[in-house]
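Hi,

Here's the structure I said I'd pass on. Have a look at it first, then read my notes on the pockets and one of the sheets below.

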Amino acid sequence: MTTNSRTSAVSKQKPKALITDGLKFGRFPITNVQPSVEGGKFPAKATVGESIVVAATAFREGHDMLGVSAVLLDPRGKERQRIRLEPPRGDRGKGTDLWEGLLTPTATGKWSYVIEAWHDRYGTWHHNAEVKVEAGIDVELMLAEGAALLTEASEDPSRPSADRRTLRIAAAGLADGSKTPEERLGAGFGVDVAAVVGRQPIRELVTVSEPYPLLVERELAGRGAWYEFFPRSEGAVRNHETGEWTSGTFRTAAERLDAVAAMGFDVIYMPPIHPIGTQHRKGPNNTLIAGPHDPGSPWAIGAEEGGHDAIHPDLGSFEDFDAFVARAGELGLEVALDLALQAAPDHPWVKSHPEWFTTRVDGSIAYAENPPKKYQDIFPLNFDNDPAGLSNEILRVVQLWISHGVKIFRVDNPHTKPVWFWEWLIAKVNKKNPDVVFLAEAFTRPAMMHALGRAGFQQSYSYFTWRNTKEELEKYFQEISHESPAYFRPNFFVNTPDILTEYLQFGGPAAFKIRAALASTASPLWGVYAGYELYEHVARPGAEEYIDNEKFEYKARDWDAATESGRTLAPYLTRLNAIRHAHPALGDLQNLTLHASTDSSTVVYSKHKTLPDGTKDTLIVVVNVDPHSPRESTVTIDRAALELDPDDLTHNGGYVVEDLISGESWEWGEYNYVRLDPHIEPAHILNVRRSRP
């Protein structure tokens with residue numbers, strides 16, 4: 001539904017009433033508004049300070065000029081930003097009636113925006129006068145209409161006095177019969193006049209779209225670098241005589257936080273920290289029989305000591321956990337806790353609420369299966385027998401951990417639970433605690449992953465892990481930045497305890513650099529599981545997961561020895577995160593532009609952002625995704641995507657780029673030669689040098 005209003009007109013006749021009320025189309029059609037998730041059924045997503053692409057198809061009958069604007073409204077409905085939309089550059093803007101621009105919300109909350117389409121009176125007159133005066137047709141009439149239009153606009157009390165004076169002077173120039181028609185027309189076409197009507201157009205017959213919801217969330221909902229470790233491994237000690245381990249604790253794990261913060265990460269994520277079941281406990285490498293000292297999988301939650309609301313006694317107490325959270329906060333880190341909604345056979349829920357599980361015909365409780373895989377140590381939950389009771393218990397658990405300082409939850413396998421439950425839970429939690437963030441660990445079909453985003457998940461694991469070739473990466477980057485960002489924020493984890501791709505298994509150290517460079521620059525969200533910086537790459541035979549998997553045993557890593565020997569990727573990860581923090585362009589999702597290269601393994605893309613003070617931040621990323629061989633390529637840059645100003649150009653018409661990895665600088669143009677040796681440096685991260693800092 002659209003509404004209509006009318007501003008000033010040259011004609012003194014009273015405008016006739018419009019009869020479009022109740023119709024689907026207003027005076028000017030406005031269709032295909034974006035971002036819009038199922039027509040506004042769900043809000044589009046944004047983070048504070050993120051530049052959101054707003055677009056609409058708008059058109060009119062005849063040949064008069066149409067203007068289109070987007071208006072951003074804060075949670076109270078107050079106008080906070082108004083921009084004029086423009087046709088997209090290139091082929092996308094030819095003959096499509098598509099208009100787009102950028103809106104930037106400045107605070108969290110339930111915002112909205114509207115699209116306005118209107119008769120552009122000055123633009124219409126400008127076009128007609130330019131054509132007719134040059135052809136000698138209706139010259140005096142066109143000049144008189146221009147003078148009348150600008151005189152009327154100069155009487156608008158909402159305009160600044162300086163702008164009103166500019167319009168009066170221009171109107172007088174148009175009416176000055178002592179000058180030639182060309183001189184008089186020049187007065188109406190002046191750059192000062194264009195600036196005035198650019199700031200405040202002369203509008204008529206304004207058609208306003210319905211408001212579209214925009215949920216603006218805090219920065220870590222859409223930007224951040226994650227680091228995952230098992231607290232039980234940090235500080236774990238093995239008795240070499242008996243082979244027995246002493247578990248790490250929250251106190252010893254806190255000692256590792258300094259190194260994580262020094263690498264520039266924003267979030268420290270821990271797998272489940274609860275008591276682990278003993279029945280059917282898994283042994284090393286997922287074997288069915290565990291020894292008496294095998295710790296089991298943290299995802300097999302629940303034992304005699306408690307369930308999801310308890311802490312594994314080996315890790316410490318709630319007081320120790322609170323101290324860990326506090327220390328993380330001192331270092332600028334937020335703690336993300338795993339929310340794994342499943343139970344070990346000895347979880348207290350199994351006895352107290354057997355209706356929360358699925359009972360088979362023989363009376364046994366069904367364990368988790370993903371044929372041919374079987375997880376005898378885990379019972380999945382059943383939300384259909386007692387949905388209210390189970391849902392409220394989970395809400396209680398989440399609120400408990402929020403009370404202990406947890407504001408981020410990484411949710412294990414949310415796609416195995418009903419989507420309605422997540423919509424309910426996240427809405428309940430965010431109503432009271434709007435800064436709480438949920439990450440969906442959902443490696444599943446696109447429809448389910450996207451539905452979880454619509455249901456409220458602020459971010460999600462993604463298919464990036466398995467996108468390795470140039471063709472795969474370009475297609476996926478285009479999808480996540482331009483097709484699904486309104487409801488799906490991808491977190492580009494390069495590895496997880498469950499996932500060690502063949503690319504990392506056989507690509508050598510170069511593969512680790514390549515994946516980190518891609519993940520940290522293509523998405524505002526990325527993550528690393530501990531050991532990545534040590535190039536851990538040996539898989540369990542026939543599987544895409546680590547040998548001696550940390551899910552089932554302790555893993556002591558000698559970080560100091562790796563640093564001393566130089567066999568660590570930590571300095572590279574540190575540099576990548578420093579670049580992210582220094583360059584706001586990398587914090588937006590929708591600003592990625594792909595560029596062409598002649599090589600089948602050289603991926604090129606740029607990210608650009610104009611800040612509120614007018615500063616432009618632009619990076620060009622060039623990556624050789626072949627970890628085995630040097631690659632040479634001619635890179636073709638779409639210069640329009642860089643938004644270069646005249647002062648940014650060299651005397652040759654080029655522009656200067658600085659490699660933020662190597663420190664080297666080059667003059668670039670439209671076509672550029674690149675050679676990247678993965679054994680030396682597989683990626684350029686190029687900062688486009690501007691005339692103003």
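Before the numbers, one term: a pocket here is an open set of grid points where a 1.4 Å probe fits, with protein on both sides within 12 Å along at least five of seven lines. Also keep in mind that this is a predicted model.

With that in hand, the second largest pocket has a volume of about 1200 Å³. It is lined by 39 residues, and Asn370, Lys373, Tyr375, Asn413 and Asp498 are the closest to its centre. Strands E17 (368–370) and E18 (373–375) each give at least two residues to that lining. By class, the lining splits into 15 nonpolar, ten polar and 14 charged residues.

The largest pocket comes in at about 1500 Å³. Its lining has 47 residues, with Val53, Arg92, Glu100, Leu102 and Gln590 nearest the centre. Strand E25 (592–597) and helix H14 (470–482) are among the elements that supply two or more of them, and E25 has the largest share, with five residues. Here the classes are 18 nonpolar, 16 polar and 13 charged.

E25 also turns up in an open sheet of eight strands, ordered E30-E29-E32-E27-E26-E25-E28-E31 with antiparallel pairing. At the edges sit E30 (665–668) and E31 (671–676), each pairing on one side only. E31 pairs with E28 (631–636) over six bridges, and Thr634 stands opposite Tyr673 there. Finally, helix H16 (508–522) packs on the sheet, touching E25, E26, E27 and E32, and its direction makes about 30° with that of E26.

Cheers

Note on methods:
Residues numbered from 1 in each chain as written. Predicted model: local features only at pLDDT ≥ 70, side-chain atom pairs only at ≥ 80, totals over all residues. Heavy atoms only, no water. 1 Å grid on protein atoms, 1.4 Å probe; cavity = no way out; pocket = protein on both sides within 12 Å on 5 of 7 lines; lining within 4 Å. Points joined across faces, edges and corners; volume = space filled by probe spheres on them. Helix = DSSP H or I, 4+ residues; strand = E, 2+ residues; numbered from the N terminus. Nonpolar A, V, L, I, M, F, W, Y, C, P; charged D, E, K, R; others polar. Pairing = 2+ DSSP bridges. Contact = heavy atoms within 4.5 Å. Axes fitted to C-alpha atoms, helices over the stretch in contact; angles between N-to-C directions.
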